[in-house]
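Please have the sequence and the 3D view open as you read.

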Amino acid sequence: YQIIGYKWLRSLAEYNLGGILADDMGLGKTLQSIVYIKSIKDLDEDEKFLVVCPSSLVYNWKDEIETFAPDLNSTIIIGSPEERENIIKTDIDTDVWITSYPLIRRDYQLYEDINFNTVFIDEAQNIKNPNSMNSKSVKLLNCKHRFAITGTPIENTLTELWSIFDFIMPDYLSNHNKFTKEIEKPILKGDEDALDDLNKRIQPFVLRRMKQDVLKELPDKI
């Protein structure tokens, strides 16, 4: 199933589409993303990647990269504002930069002249509010491909799903006002046709496997 996930990411990128990798917790979303990065770096060593994740996960990402793709150079964007700016402006050798949502909010202007191959946003529910600085800052990044990683693409409202899609494929689900009027509100009122239409539109771009379906021998993760 991880091979399928990796191929799904590559296929979407091949057609300049984005996606949400929404596998259940513990199924290796990070690993599938790292294999995707490694496969592209093997084809073009000049490509650069960015991972945006919660502060608690930046060292986990670096550790996973060093474990599963040790020939990839990864750097955590951290330190004082001056130190972060120095990394972003002078570090040309790193393959994967890793930063956090709190720092991308402060540093997004420093990325204006950088074109990434792919930007991954981990725990993508952090941009569920389209008006938040988390959301606005990652949507300003320049890149060829965009992927979101989250086990919970919807926590409360369909606007959260719209906001993530607005990152991976802007305008695919129309602007927010039109989405709310034509999709979200009708669904809340029980419109089955609107729900069916939304499901058909998003299904190719959301990959979700549950633990009980692919790895029955794994114990529950607590």
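## A buried glutamine

Gln32 counts as buried, because its relative accessibility of 1% falls under the 20% cut-off. This is a predicted model, so please read each value here as computed from that prediction. Gln32 belongs to helix H2, and its side chain makes a polar contact with the side chain of Asp23 at 3.1 Å.

Which residues does Gln32 touch, leaving aside those up to four places away in sequence? They are Tyr1, Gln2, Gly5, Tyr6, Leu9, Leu21, Asp23, Leu27 and Arg209.

## Salt bridges across the chain

Side chains of opposite charge can pair when their charged atoms come close. How many salt bridges does the model hold? The count comes to 10, and a few of them are worth a visit.

Let's begin with Lys38 and Asp71, whose side chains form a salt bridge with an N to O distance of 3.3 Å. Lys38 sits in helix H2 (residues 29-43) and Asp71 in the loop between helix H3 (58-68) and strand S3 (74-76), so this pair ties together parts that are 33 residues apart in sequence. Asp42 comes into the picture too: salt bridges with shared partners join Lys38, Asp42 and Asp71 into one network.

## Two more pairs to inspect

Glu47 and Lys144 also meet through their side chains, in a salt bridge of 2.8 Å from N to O. The pair links distant parts of the chain, with Glu47 in the loop between H2 and strand S2 (49-53) and Lys144 in strand S6 (residues 142-149), 97 residues apart.

Next comes the salt bridge between Asp107 and Arg84, where the closest N and O atoms are 2.7 Å apart. Asp107 lies in helix H5 (residues 101-107) and Arg84 in helix H4 (residues 81-90), so to speak two distant parts of the chain linked over 23 residues. Asp107 is buried, with a relative accessible area of 2%, and Arg84 counts as buried at 5%.

Glu123 is found in the loop between strand S5 (115-122) and helix H6 (133-138), and is partly exposed, with a relative accessible area of 29%.

Another is Asp171, with phi near 75°. Its place is the loop between helix H7 (158-168) and helix H8 (176-188). Asp171 is exposed, with a relative accessible area of 61%.

## The largest pocket

Rolling a probe the size of a water molecule over the atoms shows where empty space is left. The largest pocket holds about 370 Å³ of space. Its lining has 19 residues, and those closest to the centre are Met25, Gly26, Lys29, Thr30 and Glu123.

What is the lining made of? It divides into 6 nonpolar, 8 polar and 5 charged residues. H2 and H3 each supply at least two residues of this lining.

Definitions and conventions: Residues are numbered from 1 along each chain as its sequence is written. This is a predicted model: local features need pLDDT of at least 70, side-chain atom pairs count only at pLDDT 80 or more; totals for chains, interfaces and linings use all residues. Side-chain values use heavy atoms; hydrogens and water are left out. A salt bridge is a side-chain nitrogen of Lys or Arg within 4 Å of a carboxyl oxygen of Asp or Glu. Helices (H or I, at least four residues) and strands (E, at least two) are DSSP runs, numbered from the N terminus. Buried means under 20% relative accessible area, exposed over 50%, partly exposed in between (1.4 Å probe, protein chains only). A polar contact is a pair of N or O atoms within 3.5 Å; within protein, one must be able to donate a hydrogen and the other to accept it, and residues adjacent in sequence count only if both atoms are side-chain atoms. Contact means heavy atoms within 4.5 Å. On a 1 Å grid over the protein atoms alone, a cavity is a set of points where a 1.4 Å probe fits but cannot get out, and a pocket is an open set with protein on both sides within 12 Å along at least five of seven lines; lining residues have an atom within 4 Å of a point. Grid points are joined across faces, edges and corners, and a volume is the space filled by probe spheres set on the points. Ala, Val, Leu, Ile, Met, Phe, Trp, Tyr, Cys and Pro count as nonpolar, Asp, Glu, Lys and Arg as charged, and the others, Gly among them, as polar.
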